[in-house]
Each structure stands twice: as structure tokens, then as C-alpha cells.
Amino acid sequence: MAMPQEPKHRIADSEKITINLGPVDLGQIDLLVQEGFYANRTDFIRTAIRNQLTRHEDAMRKTVERRAIELGVRRYSRADLETAKAAGTRLAIQVLGLAVIAEDVPPELAAETIASLEILGALQASPPVKAALRDRIR
């Protein structure tokens, strides 16, 4: 029986960030963790961030609509870019979430077909593609 193969590149379900907090804020978080309100510091910080995002949800939704930003995970395959090239169009990519440019996309094709990238979140692409698009990423 053949074992299923792992995908070549997995999409990360989270991205690590670093924040600096003052000792009083950090102590208060640690106290809430000790008292059982949160499992750990990360749980507290994630909850606080989600609460703030929920608080501003209406404003974000309106902005996403107004700016015509794609929300979530948006994948661009080699076929997508070849279709754009054949049509003579250049893409202005705007994504809130994760933009993925397929691993088999050559840097030259990406440079020919992608006019600009505005990624609010993360971009997953090969290092050569990222280098070819470096001046177009906002």
C-alpha cells in the first residue's frame, strides 16, 4: 500500500511575530495565565488580537469592499499567469491574507504578468520569484 506523499510546500497556518511589552503589561499577562484565565501568553495575545479584529470588523469589511481586496488565500498558478500573458494583461494583485504564487512559476513569467502586489498578510513564492517582483511589492 503506497503512502500518501506530503505536499512539496505546505501553507503555514500561522506566522510568527515578535512584540515588545513593558514589564508591567507582561506581569499582568502572566498573572492572568497563573490564575487560569488563559493557557499561556500566546493564548492571551491571540485572544486580544482577535477581540480587536472583531471590534473593527465592520470597518475592515467596508475597506476590503471599497479597495476590491481579495480576502483569504489566493493562489496564482502558472496557467493563471500564462493566460494573463496570452491576453496581454498585467495583474494588480491585492490580497488580505495569503497570496501564493505556484512553485513552477518562472521568475520571468511573474515579472511579465504581475504589475503590482499589495499583500496584507503573507506572500508565498519561490525566492527567485520574490526577487523578480521585489520592486512591485507594497
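Author: What follows is a run of questions about labels, with answers that set values against cut-offs; bear in mind that the model is predicted.

Reader: Let's begin with the rings. What makes Tyr38 and Phe44 an aromatic pair?

Author: Their ring centres are 5.0 Å apart, and the limit for a pair is 6.5 Å, so they qualify. A search of the whole structure turns up one aromatic pair, and it is the one formed by Tyr38 and Phe44.

Reader: And is that pair stacked, tilted or edge-to-face?

Author: The planes of Tyr38 and Phe44 stand at 85°. Anything over 60 degrees counts as edge-to-face, so that's the name the pair gets.

Reader: Is Tyr38 buried, partly exposed or exposed?

Author: Tyr38 has a relative accessible area of 23%. Buried would need a value under 20%, and exposed one over 50%, so Tyr38 is partly exposed.

Reader: On to charges. How do you know that Asp58 and Arg61 form a salt bridge?

Author: The closest N and O atoms of Asp58 and Arg61 are 2.4 Å apart. The cut-off is 4 Å, so the pair counts as a salt bridge. As for how they come to face each other, they are three residues apart in helix 3, which puts about one helical turn between them. Asp58, at 40% relative accessible area, is partly exposed, and so is Arg61, at 42%.

Reader: What makes the contact between Arg136 and Asp135 count too?

Author: Here the N to O distance is 3.6 Å, and that is still within 4 Å, so the label holds. Asp135 is exposed, with 66% relative accessibility. There's also a network: Asp58, Arg61, Lys62 and Glu65 are joined by salt bridges that share partners. Over the whole structure, nine salt bridges are found.

Reader: What does Arg74 meet in a salt bridge, and what does it lie over?

Author: The side chain of Arg74 meets that of Glu70 in a salt bridge, at 3.0 Å from N to O. Arg74 also lies over the face of Tyr76, at 4.1 Å from the ring centre; the distance limit for that label is 6 Å.

Reader: Last one, the largest pocket. What makes up its lining?

Author: The largest pocket has a volume of about 920 Å³. It is lined by 27 residues, and the closest to its centre are Ser14, Glu15, Lys16, Ile17 and Arg46. By type, the lining divides into 15 nonpolar, six polar and six charged residues. Helix 2 gives the largest share, seven residues. Helix 1, helix 2, strand 2 and strand 3 each supply at least two residues.

Definitions and conventions
Residues numbered from 1 in each chain as written. Predicted model: local features only at pLDDT ≥ 70, side-chain atom pairs only at ≥ 80, totals over all residues. Heavy atoms only, no water. 1 Å grid on protein atoms, 1.4 Å probe; cavity = no way out; pocket = protein on both sides within 12 Å on 5 of 7 lines; lining within 4 Å. Points joined across faces, edges and corners; volume = space filled by probe spheres on them. Helix = DSSP H or I, 4+ residues; strand = E, 2+ residues; numbered from the N terminus. Nonpolar A, V, L, I, M, F, W, Y, C, P; charged D, E, K, R; others polar. Phe/Tyr/Trp six-rings, centres within 6.5 Å; stacked < 30°, edge-to-face > 60°. Buried < 20%, exposed > 50% of the residue type's maximum accessible area, 1.4 Å probe, protein only. Lys NZ or Arg CZ within 6 Å of the ring centre and 35° of its normal.
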